[in-house]
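This report concerns helix packing and aromatic pairs. Please consult the sequence and the structure shown below while reading.

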Amino acid sequence: MNDSILPSTLGNSPIAPSPPTIVLLRFTGDDCPGLTASISERLHRFNCRVIDVNQAVIHRSLLLGMLVQIPGSEDPERLIRKMRRKSRKLGLKCKAKIVCDPDYDAWVDRQGKSRFILTLLSRSVTAEQFAAVSRLVSDQGLNIDVITRLSGRPKREPGDELTRACVEFSLRGDPTDVNALKASLLELSNRLNLDLAWQRDDAFRRNRRIVALDMDSTLLQAEVIDELAKEAGAGEKVSAITEAAMRGEIDFDESLRQRVQSLEGLPESVLPKVAERLQLTEGAERLLSNLRRFGYTTAILSGGFTYFGEHLQKLLGIDHVHANQLEIVDGKLTGRVLGPIVNAERKALLLEQLAANEGVDRKQMIAIGDGANDLPMLSRAGLGIAFHAKPIVRESAEHQMSTLGLDAVLYLLGVRDRDLVE
């Protein structure tokens with residue numbers, strides 16, 4: 001028999017078709033419209049199935065990876081030659097690798113691994129910051145799947161305006177030592193003037209629904225009661241008590257009674273005067289306007305006073321306000337508050353009531369505060385953020401933010417600057 005002529009069957013049994021081949025293709029070069037379409041159309045000629053794809057463009061430079069399955073009826077080496085030839089015509093470089101079955105099966109098995117999001121926040125990301133964070137990730141045995149810039153493109157020559165920079169790391173795997181990881185995140189934040197937020201990448205992280213904020217030294221740059229005390233001539237005394245209370249050194253309820261008592265006899269007309277001079281925290285308006293646009297429910301949960309909470313409610317379009325009610329008789333403050341004090345425990349309870357009323361899981365809630373009386377609230381929210389907080393709060397809270405303004409919270413939701421209204 002002539003060996004060059006092979007029968008298509010052996011008896012009545014057909015020859016088994018060749019198994020499909022999986023090929024990893026990587027393309028790099030200058031980006032322009034139509035490149036991905038041209039590459040995909042050439043793959044279509046080989047009846048390929050696209051298993052995985054990832055594309056990024058950095059300063060008009062394309063990085064495209066495609067994992068494709070070639071049917072057994074096609075020659076993989078011929079496909080690779082054709083793709084390299086096509087790439088040269090498009091001004092691209094193409095690297096190709098046939099993926100063996102064990103490697104592919106191992107890749108599939110890794111899809112069950114835990115996923116996390118590590119968000120780096122800074123005024124301007126430096127190579128030192130980037131290197132320290134990526135080294136920490138590596139030391140914890142985690143793989144970086146994707147790195148994404150959420151902040152806008154910075155100007156070549158920055159002006160006087162405050163800048164924001166955010167890079168998001170999508171990670172796969174489980175940390176080798178969670179406690180050491182969290183301690184390292186805090187240490188890097190303190191040493192390198194950045195903020196780092198570590199979140200599990202799950203459905204709750206992508207579906208937050210309620211944002212609850214403290215008011216004094218969070219939404220506002222000042223402690224309102226200190227400002228009122230200045231009007232009553234007791235500014236220094238009250239300020240010292242406030243600082244001790246926020247550090248958790250004295251009982252909040254008793255400290256509030258002492259401070260409010262110093263306001264006895266203060267004319268009610270002082271309240272709008274003080275409200276007028278209060279300064280919003282950087283990014284407060286930008287945060288609240290965008291949360292409202294995205295359909296979030298917002299609330300003030302404050303150990304401060306309802307008059308000022310309602311002032312901010314009108315100014316910022318906040319949905320709910322819970323704070324302490326100053327007693328006023330004959331146009332003057334009596335030095336007492338009405339009803340139960342909004343302390344640490346009540347803030348946490350109010351947060352849970354909000355979740356119940358809105359019909360959401362507590363993991364879908366964000367709580368933001370700066371003082372020790374905010375810690376229970378922060379711990380019960382799915383994302384609790386210690387914002388420019390006292391040391392005891394920074395060390396105890398799951399997340400802390402001390403570098404940027406309140407609008408940086410939007411980055412922790414995965415929102416990009418280009419999606420926001422100013």
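At what angle do helix H7 and helix H8 pack, and how many Å apart are their axes?

## Packing of H7 and H8

In this predicted model, helix H7 (residues 224-231) packs against helix H8 (residues 235-246) at an angle of about 160°. Their axes are 8 Å apart. Because angles over 145 degrees count as roughly antiparallel, H7 and H8 are roughly antiparallel to each other. The crossing in which H7 passes H8 is right-handed.

On the H7 side, the contact is made by Ile 225, Asp 226, Ala 229 and Lys 230. H8 contributes Gly 235, Val 238, Ser 239 and Thr 242. Sorted by class, the contact of H7 with H8 comprises three nonpolar, three polar and two charged residues.

## Aromatic pairs

Four aromatic pairs are found in a search of the whole structure. One of them joins Phe 130 and Phe 169 in a tilted arrangement, with 5.5 Å centre to centre and 40° between the planes. This pair links distant parts of the chain, since Phe 130 belongs to helix H4 (residues 127-139) and Phe 169 to strand E9 (residues 165-172), 39 residues apart. Phe 130 is partly exposed, with a relative accessible area of 30%, whereas Phe 169 is buried, with a relative accessible area of 0%.

Tyr 307 and Phe 308 form an edge-to-face aromatic pair, with 5.2 Å centre to centre and 75° between the planes. Tyr 307 counts as partly exposed at 34% relative accessibility. Phe 308, by contrast, is buried, and its relative accessible area is 1%.

Methods: Residues numbered from 1 in each chain as written. Predicted model: local features only at pLDDT ≥ 70, side-chain atom pairs only at ≥ 80, totals over all residues. Heavy atoms only, no water. Axes fitted to C-alpha atoms, helices over the stretch in contact; angles between N-to-C directions. Helix = DSSP H or I, 4+ residues; strand = E, 2+ residues; numbered from the N terminus. Parallel < 35°, antiparallel > 145°, perpendicular 65-115°, else oblique. Left-handed = near helix turned anticlockwise from the far one by under 90°. Contact = heavy atoms within 4.5 Å. Nonpolar A, V, L, I, M, F, W, Y, C, P; charged D, E, K, R; others polar. Phe/Tyr/Trp six-rings, centres within 6.5 Å; stacked < 30°, edge-to-face > 60°. Buried < 20%, exposed > 50% of the residue type's maximum accessible area, 1.4 Å probe, protein only.
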